[in-house]
Amino acid sequence: MALSDFDLVLFGGSGDLAMRKLLPAMYARDVANDLPATARIICVGRADASQEEFLQTVETTSKPLIKSPAVTPAAWARFTARIVYVSLNATDASSYKPLVEALRKEDAITKVYYLATPPAIFAQICEALKENGLVTPNSRVVLEKPLGRDLASAKQINAEVGKVFEESQIYRIDHYLGKETVQNLLALRFGNILFEPLWRREWISDVQITIAEKLGVGNRMGYYDTSGALRDMLQNHLLQLLCIVAMEPPTSIAPDAVRDAKLQVLRSLKKFTPTTLAQNIVRGQYRAGHVDGKAVPSYRDEPDAPEHSRTETFVAMKAEIDTWRWAGVPFYLRTGKRMADGLAEIVVRFKQIPHSIFNQPTNSFQPNSLVIRLQPDEGLRMNLMAKTPGDGMRLKQAELELDFREQFKSPRMEAYERLLLDVLRGQLTLFMRGDELEAAWEWVEPILDNWESDDSYPLPYSSGTWGPAAASALIGRDGLQWREEVLPED
């Protein structure tokens with residue numbers, strides 16, 4: 001689907017997200033000839049810099065981060081010719097005159113306002129756009145996370161932005177939904193008949209969703225210590241993945257059909273009580289250790305860390321969905337920093353065979369499992385039992401693998417490339433609706449309230465491990481193991 005002409009306005013245009021992700025993504029789409037010849041990128045910042053000075057910043061900051069496609073002088077010159085720098089105070093409507101003058105006046109030109117700013121100023125930016133006559137039916141606004149700190153602040157953001165933009169104009173972005181494998185999960189579930197009869201409590205034992213990072217908090221301490229792993233990762237990324245795994249088949253791929261199905265999952269999640277919360281959630285904070293053979297400090301020894309911080313860098317939980325399809329199936333969610341490996345994956349484990357006809361006990365078999373890997377290597381793996389070569393009938397686990405990079409040789413899109421194209425096309429399927437956002441916060445809020453009233457500290461875990469031992473005990477109580485803890489057969 002060809003793009004119509006647009007002006008893409010990046011508030012926070014000189015910030016980290018714009019330089020690391022958004023501008024490289026737009027460069028890749030320019031090289032792929034997806035952008036109309038006259039489409040422009042207007043970067044808004046507070047710095048009183050000239051056009052030449054800003055382009056020099058793009059040259060030194062953003063360009064080195066572009067790995068593919070290769071940067072050529074001609075392609076780079078064409079791309080940077082699209083960029084316009086505008087200096088203004090985003091919270092002061094009276095300073096918007098340079099932006100008014102920079103934007104083209106034709107109604108047919110799509111205006112996209114990407115708010116890569118703290119959410120505390122979303123409302124002020126939207127009001128300033130409205131006050132300056134920059135909001136039309138052909139305008140769209142993109143909201144970058146974090147979208148609130150709790151249910152009340154999420155509702156406030158929705159209400160304030162909703163005073164200026166219609167819900168159909170609001171794109172709440174979660175870059176995990178732009179990953180190729182997430183969309184392949186939709187294709188796997190709803191483009192094939194194979195799994196649908198088995199995708200239910202009668203045949204599935206449990207589901208594990210893990211997003212693990214080797215990195216620590218880095219230079220994000222100011223944000224992270226007031227957020228933590230629950231707000232930063234679980235409330236959005238992990239819950240969105242859970243929704244796609246667990247949702248009922250939508251009537252179509254249309255945005256509201258998909259988002260209605262996801263919303264039903266969020267509303268069906270069993271609420272935690274103080275008792276079940278203590279039994280089914282583990283929070284941790286990394287201590288000093290070794291990652292990839294290098295010594296790394298504890299969270300509280302990171303630059304600018306509060307000495308007695310109680311912020312969690314790890315969360316593991318057992319969640320349940322109260323529906324006919326999923327009643328009794330545990331969903332184990334886990335995320336953490338300074339872990340043993342950096343990966344994002346979904347593991348769907350099927351139930352054990354009821355009886356062994358072979359000269360091996362049933363409990364010697366590994367249950368079949370489907371592993372959907374989001375990163376670092378995107379693909380699908382199906383684990384099955386198969387006969388080992390040679391005399392006799394001995395079974396051992398074997399793996400069928402679909403590597404997307406090997407299977408499909410066409411160039412791949414990064415998450416932000418795909419999501420930006422969807423915004424420019426007006427395609428809302430991969431973006432959260434306001435009621436989705438609020439339903440996720442409503443489920444998470446009892447956990448936050450419990451932790452606020454609890455003066456205990458998160459459990460310590462050594463950097464370079466898979467988190468506190470209590471996380472293994474959590475899943476072990478159900479006679480299960482996290483996938484990396486399952487020992488390979490001899």
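Tutor: Helices (H or I, at least four residues) and strands (E, at least two) are DSSP runs, numbered from the N terminus. The model is predicted, so local features need pLDDT of at least 70, side-chain atom pairs count only at pLDDT 80 or more, and totals for chains, interfaces and linings use all residues. Residues are numbered from 1 along each chain as its sequence is written, and side-chain values use heavy atoms, without hydrogens and water.

Student: In which helix do Trp76 and Phe79 both lie?

Tutor: The two residues are 3 apart, about one turn of the helix. Both Trp76 and Phe79 are buried (under 20% relative accessible area; exposed is over 50%, partly exposed in between; 1.4 Å probe, protein chains only). The element that holds Trp76 and Phe79 runs over residues 73-80 and is helix α3.

Student: Why is the pair of Trp76 and Phe79 described as it is, and what is the word for it?

Tutor: Rings of Phe, Tyr and Trp (its six-membered ring) pair if their centres lie within 6.5 Å; planes under 30 degrees apart count as stacked, over 60 as edge-to-face and the rest as tilted. The structure holds 14 aromatic pairs. In the pair of Trp76 and Phe79 the centres are 5.8 Å apart and the planes stand at 45°, so the pair is tilted.

Student: Which aromatic pair has an angle of 70° between the planes?

Tutor: The pair is edge-to-face, with a distance of 6.1 Å from centre to centre. One of its residues, Phe195, is buried because its relative accessible area is 11%. Trp199 is buried as well, because its value is 0%. The aromatic pair is thus made by Phe195 and Trp199.

Student: Which residues do ring pairs link into a cluster?

Tutor: Trp76 and Phe79, the buried residues of helix α3, belong to this cluster. Ring pairs also bring in Tyr27. The cluster therefore reads, on the tilted pair and its partner, Tyr27, Trp76 and Phe79.

Student: What volume lies in the largest cavity?

Tutor: On a 1 Å grid over the protein atoms alone, a cavity is a set of points where a 1.4 Å probe fits but cannot get out. Points are joined across faces, edges and corners, and the volume is the space filled by probe spheres set on them. The structure holds 2 cavities of 30 Å³ or more. The space in the largest cavity is about 60 Å³.

Student: Which element gives the largest share of the lining of the largest cavity?

Tutor: The lining (residues with an atom within 4 Å of a point) consists of Lys145, Pro146, Leu147, Gly148, Arg231, Gln235, Asn236, Met432, Leu437 and Trp441. The elements that give two or more residues to this lining are α9 (228-246) and α14 (434-453). The largest share is 3 residues, and these come from α9.

Student: What is the volume of the second largest cavity?

Tutor: This cavity is lined by Leu177, Leu186, Ile244, Val258, Lys262, Thr429 and Leu430. Its volume is about 40 Å³.

Student: Is the peptide bond from Lys145 to Pro146 cis or trans?

Tutor: Pro146 is found in the loop between β5 (139-143) and α6 (151-162), and both Lys145 and Pro146 line the largest cavity. Omega of the bond between them is near 10°, and the bond is cis.

Student: What is omega for the cis peptide bond of Gln375 and Pro376?

Tutor: Pro376 has its place in the loop between β14 (369-375) and β15 (379-387). The cis bond joins Gln375 to Pro376, with an omega of about 5°.

Student: Is Asp292 buried or exposed?

Tutor: Asp292 is found in the loop between β9 (289-291) and β10 (294-296). Although Asp292 is not a glycine, its phi is positive, about 55°. With a relative accessibility of 57%, Asp292 counts as exposed.

Student: What is the phi of Asp304?

Tutor: Asp304 is found in the loop between β10 and β11 (314-319). At 73% relative accessibility, Asp304 counts as exposed. Asp304 is not a glycine, but has a positive phi of about 70°.

Student: What distance separates the C-alpha atoms of Ala327 and Glu202?

Tutor: Ala327 lies in the loop between β11 and β12 (331-336). Ala327 is partly exposed, with a relative accessible area of 39%. Along the chain Ala327 and Glu202 are 125 residues apart, and their C-alpha atoms are separated by 9.6 Å.

Notes: On a 1 Å grid over the protein atoms alone, a cavity is a set of points where a 1.4 Å probe fits but cannot get out, and a pocket is an open set with protein on both sides within 12 Å along at least five of seven lines; lining residues have an atom within 4 Å of a point.
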